[in-house]
Amino acid sequence: MLDLPPRAVIVEPVVIDGLDEPEYQPDPIDQVGLLLVRTAGGDRDAFSQLYDIMASRILGLIVRILIDRAQSEEVLQEVFLEAWQSASRFAPNKGRGRTWLLTIAHRRAVDRVRASQSASDRDLRIGRRNLGVDYDVVAEHVELRIEAEQVGSALAELSDAQRETLTLAYFGGYSQSEIATLTGAPLGTVKTRMRDGLARLRDRLGVST
Amino acid sequence: MNRQEFLELSAGHALHALSPADEQLFTEAMAAHPEWAGDIRADRETAALLGSAVPSVTPSAELRGRILDQIGRGSGATAPAEAPTPRPSMARRGWFALAASLVVLLVLAGVGALFASQIAGPPTSSTALAQIQRQPDADSATEKVAGGGTATVHWSDTLGKAVLVSDGMARIPSGKVFELWYVRDGTPTAAGTFTTTDGKATAPLRGSMHLGDTIAVTVEPHGGSPTGAPTTRPIVAIPTS
């Protein structure tokens with residue numbers, strides 16, 4: 001029973017007097033994660049910094065999925081209220097703060113697009129624009145641009161079918177069965193393409209398990 | 001389920017593209033195979049990289065003020081949320097969205113009240129443990145206790161409940177009890193007292209657990225710490241994440 005692996009979070013005589021540093025050990029470069037941890041403690045300054053750092057990036061993702069600007073801002077508001085409510089659920093040892101926020105934003109945007117736009121509307125909408133992501137226009141921050149280029153070139157290495165499946169799911173908000181209907185591929189094929197495509201991206205982008 | 005089958009679910013989950021039935025399968029598989037947690041994390045991280053590669057869009061200036069205004073009216077991140085008040089000027093659709101989130105908050109409050117009523121007539125420790133262990137997200141962690149023995153915390157984030165099970169703990173001096181604490185961001189909150197029989201105890205924690213809390217045990221006077229804060233160093237501290 002005691003043969004447990006050493007835990008990432010060591011709490012040896014704990015922080016109970018409130019004077020010591022908190023016991024978690026966040027990645028020092030995960031600024032967003034640090035702000036989330038402070039937000040969980042009710043720190044409104046940290047929360048407003050979080051907004052300033054992340055709001056335009058998150059709105060970019062929501063707008064990509066929803067298109068409609070007014071609806072997108074409503075969803076952005078929901079995302080930040082959820083972040084305020086549930087920041088204590090963010091576990092610094094289980095991923096980056098940015099991932100946590102973007103995951104919430106993506107889920108809420110997808111829920112909204114499914115609730116407010118029929119699949120055929122989205123079909124038309126996504127049909128009108130390029131299925132791929134236009135990476136040339138990503139430019140504000142160097143870091144962001146490099147990252148976008150990496151994602152763009154990693155996407156380019158996928159098969160067309162894999163790229164289409166990932167794009168329809170992530171940016172179109174389509175479920176696996178909707179993608180099967182749209183592309184005429186069997187559901188099992190869609191699932192395999194999604195798995196293999198994401199695995200390839202993950203390797204290519206150096207995301208470790 | 002083999003790993004390749006699981007990776008199909010994990011990828012679909014990371015992209016929010018699973019059917020409700022597959023989402024359920026994913027949740028069950030995740031609980032049954034903690035060794036695949038790294039795959040889930042990596043898929044989620046990869047999906048977020050797709051998201052962060054999209055061009056930024058600057059929100060309208062008044063949105064920042066509106067959001068900060070809303071959180072300013074709450075009483076803190078961990079307190080029950082005050083539902084945002086719909087503004088008359090908001091579009092109809094916005095009003096419905098807020099109304100919908102209000103319903104969610106009320107439902108959550110109802111669930112909380114349900115748990116509160118369940119523990120009002122305190123459940124036996126074994127039913128609390130069984131209730132946790134029935135959850136797909138049931139988890140546990142074990143640490144050594146200073147002075148001997150081990151303590152295991154079992155929890156379910158969905159339920160927000162935790163139970164501490166001890167084995168081989170040293171006998172407590174008479175007039176003293178073990179007191180349980182949630183330590184959240186360095187602040188301890190009392191979660192009830194317990195005693196052991198032959199070093200063993202099964203002690204449900206009072207109040208609600210948040211994932212990431214550290215569960216600590218101190219030795220306190222009979223009836224628990226008179227100040228509501230620990231008066232001794234903890235004999236064990238177990239992180240829940």
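This is a predicted model: local features need pLDDT of at least 70, side-chain atom pairs count only at pLDDT 80 or more; totals for chains, interfaces and linings use all residues.

Q: How many residues of chain B are in contact with chain A?
A: Let's take the contact from both sides. On the chain A side, 87 residues take part. On the chain B side, the number is 75.

Q: What area is buried between chain B and chain A, and which residues of chain B lose the most area?
A: The buried area comes to about 7,400 Å², and carbon and sulfur atoms give 61% of that. Over in chain B, three residues lose the most area to chain A, together 9% of what that side buries. They are His16(B), Leu50(B) and Ile71(B).

Q: Which residues of H4(B) does H2(A) meet?
A: From H2(A) come Arg44(A), Phe47(A), Ser48(A), Tyr51(A) and Asp52(A). By class, this contact has 6 nonpolar, 2 polar and 3 charged residues. The residues on the H4(B) side are Leu63(B), Arg64(B), Ile67(B), Leu68(B), Ile71(B) and Gly72(B).

Q: How many nonpolar residues does the contact of H2(A) with H4(A) have?
A: Here H4(A) is residues 97–116, and the two axes come within 10 Å and cross at roughly 35°. The crossing is right-handed. Among the residues in contact are Leu50(A), Met54(A) and Ile58(A) from H2(A), with Leu101(A), Ala105(A) and Val113(A) from H4(A). By class there are 1 polar and 3 charged residues, while the nonpolar count is 12.

Q: Which residue of chain B forms a salt bridge with Arg96(A)?
A: Side chains of opposite charge can pair when their charged atoms come close. Across the interface of chain B and chain A there are 7 salt bridges. In the one formed by Arg96(A), the closest N and O atoms are 2.6 Å apart, and the partner is Glu45(B).

Q: How many residues apart in sequence are the parts that Arg108(A) and Glu82(A) tie together?
A: Arg108(A) and Glu82(A) form a salt bridge, with their closest N and O atoms 2.6 Å apart. Arg108(A) lies in helix H4 of chain A and Glu82(A) in helix H3 (residues 69–86) of chain A, so the parts they tie together are apart in sequence by 26 residues.

Key
Residues are numbered from 1 along each chain as its sequence is written. Chains are lettered from A and ligands numbered from 1 in the order in which they are written. Side-chain values use heavy atoms; hydrogens and water are left out. Contact means heavy atoms within 4.5 Å. Helices (H or I, at least four residues) and strands (E, at least two) are DSSP runs, numbered from the N terminus. Ala, Val, Leu, Ile, Met, Phe, Trp, Tyr, Cys and Pro count as nonpolar, Asp, Glu, Lys and Arg as charged, and the others, Gly among them, as polar. Axes are lines fitted to C-alpha atoms, for helices over the stretch in contact, and angles run from 0 to 180 degrees between N-to-C directions. A crossing is left-handed if the near helix is turned anticlockwise from the far one by less than a right angle, and right-handed if clockwise. Buried area is the accessible area (1.4 Å probe) that two parts lose on being put together, summed over both. A salt bridge is a side-chain nitrogen of Lys or Arg within 4 Å of a carboxyl oxygen of Asp or Glu.
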